[in-house]
Structure formats: C-alpha cells, structure tokens
Amino acid sequence: MSDADDDPIPRDGLREGYWRDTPLTRMSAREWEALCDGCGKCCLNKLEDEESGEVALTRVACRLLDDASCRCAQYEIRHHFVPDCIRLTPATIPEHLYWLPQTCAYRLVHEGRDLFHWHPLISGTPETVHAAGVSVRGLTVPEFEVAEDEWEDHIIEEP
C-alpha cells in the first residue's frame, strides 16, 4: 500500500494544478476537500486578543483531533459533537481569513498563491506535510485535559 493509499482524502483522478485556474467558488466538492493539506492547525483552539484582534494558536486541540494523523476522528458527523466547528466554504473564507494558518491551501488559493511543495496535491503523499514540519503531529494536548483559563500557557508559533 502506498502513502497515497493511506490518504483519507481522495485526490486521485483530479486534474493536475486545477487550483491554479479554477476559482474556489467553481470547484467541485471533491476538488475543495482535496485542497486540505491535513496539517491539523485549523483544529487547534485559538486565542484572540480582544484589543488587537491578533490570533494565537495553542497546542490545545479539539477533542476530535487525532494527534497522530492530524485528522478529525469524526469528520463527517463532527457537528454532532462540536456544533460550533467551522464549516469552511468559499463564501466563508473572507470571514475566517484572519485565523486561517499562513500555510493553509484555502488561504493560499484565495489569495492567488500556489501550494507549497509539501502539499499532497503536489507531492503525491499526505506524509510530506508532516515531514516538512508543517503539521501539528505530536504537538497537541486534548482540550479536555486543559482548563480554558490555562490555554494561554499552551500558545505556540505556527508550525
């Protein structure tokens, strides 16, 4: 079994480089999902400074994040467990852009930039995001283990 076979996101059969000439609003659901690089950063709890609006990532992960795979353990039904989990769509990107990770493919494509060499659509394997040190693999603590008033003690720089 190859690394590509281990990818929970079906990326096979997609037109190479489709994100370069297909607006986010015109992508199929499959193309949209394939843009996710699997870094897990969007599943980290964030702290926002009320005065500056600056957003800090914490190592405190959503209860559904699998730290080893950097994937949601219940992605299809995540809203049953975490009702306020963000549903990122082309229409909602502008309102969420302020907290989306700098390396996020949705952010990059929205801003007219290309994907990084380690993105699975470029490399052909979901493991390159981890090998490049961009994912949160092995960095997180589950939110049920850390009181919310202690999240500040877990602020990290974006990997």
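1. Is Tyr18 buried or exposed? Tyr18 counts as buried, because its relative accessibility is 0%, where buried means under 20% relative accessible area, exposed means over 50%, and partly exposed lies in between, with a 1.4 Å probe and protein chains only. The model is a predicted one, in which local features need pLDDT of at least 70 and side-chain atom pairs count only at pLDDT 80 or more, while totals for chains, interfaces and linings use all residues. Residues are numbered from 1 along each chain as its sequence is written, and side-chain values use heavy atoms, with hydrogens and water left out.

2. Aromatic pairs. Rings of Phe, Tyr and Trp (its six-membered ring) are taken to pair if their centres lie within 6.5 Å, with planes under 30 degrees apart called stacked, those over 60 edge-to-face, and the rest tilted. The count by this rule is 3 aromatic pairs. One of them joins Tyr18 and Trp19 edge-to-face, with 5.3 Å from centre to centre and 80° between the planes; Trp19 is also buried, at 5% relative accessibility. Phe116 and Trp118 form a stacked pair, because their ring centres are 5.3 Å apart and their planes are at 10°. Within that pair, Phe116 is partly exposed at 33% relative accessible area, whereas Trp118 is buried at 7%.

3. A charge over a ring. Arg78 lies over the face of Tyr75, at 4.1 Å from the ring centre; the rule applied here asks that NZ of Lys or CZ of Arg be within 6 Å of the ring centre and within 35 degrees of the ring normal.

4. The nonpolar cores. A nonpolar core is a set of buried Ala, Val, Leu, Ile, Met, Phe, Trp, Tyr and Cys residues joined through side-chain atoms within 4.5 Å. The largest such core has 20 residues, and the members that touch the most others are Tyr18, Trp19, Leu35, Ile93 and Leu121. Two or more residues of this core come from each of helix H1 (18-21), helix H2 (29-34) and helix H5 (105-110), and H5 provides the largest share, 3 residues. Helices (H or I, at least four residues) and strands (E, at least two) are DSSP runs, numbered from the N terminus. A second, separate core has 6 residues, among them Ala61, Leu65, Cys70 and Val136. In soluble globular proteins, nonpolar side chains tend to be buried together.

5. Leu35. This residue lies in the loop between H2 and strand S1 (44-48), and Leu35 counts as buried because its relative accessibility is 0%. Contact here means heavy atoms within 4.5 Å. Leaving out residues up to four places away in sequence, Leu35 touches a set that includes Arg11, Tyr18, Trp19, Tyr106, Val109 and Leu121. Leu35 and Ile9 are 26 residues apart in sequence, and their C-alpha atoms are 9.2 Å apart in space.

6. Arg11. Arg11 is placed in the segment before H1 and is buried, with a relative accessible area of 12%. A polar atom of the Arg11 side chain lies 3.0 Å from the backbone oxygen of Cys36. Apart from neighbours within four places in sequence, the contacts of Arg11 include Arg30, Cys36, Arg71 and His119.

7. Thr22. In the loop between H1 and H2, Thr22 is buried at 12% relative accessible area. The side chains of Thr22 and Arg15 are joined by a polar contact of 3.1 Å, a polar contact being a pair of N or O atoms within 3.5 Å; within protein, one must be able to donate a hydrogen and the other to accept it, and residues adjacent in sequence count only if both atoms are side-chain atoms.

8. Cysteines. With a disulfide defined as a pair of cysteine sulfur atoms within 2.5 Å, a search of the whole structure finds 0 disulfides. For Cys36, the nearest cysteine sulfur is that of Cys42, 6.1 Å away, and Cys36 is partly exposed at 26% relative accessibility. For Cys62, the nearest cysteine sulfur is that of Cys43, 6.0 Å away, and Cys62 is buried at 17%. Cys70, in the loop between strand S3 (65-66) and strand S4 (71-72), is buried at 4% relative accessibility, and its phi is near 65°, a positive value in a residue other than glycine.
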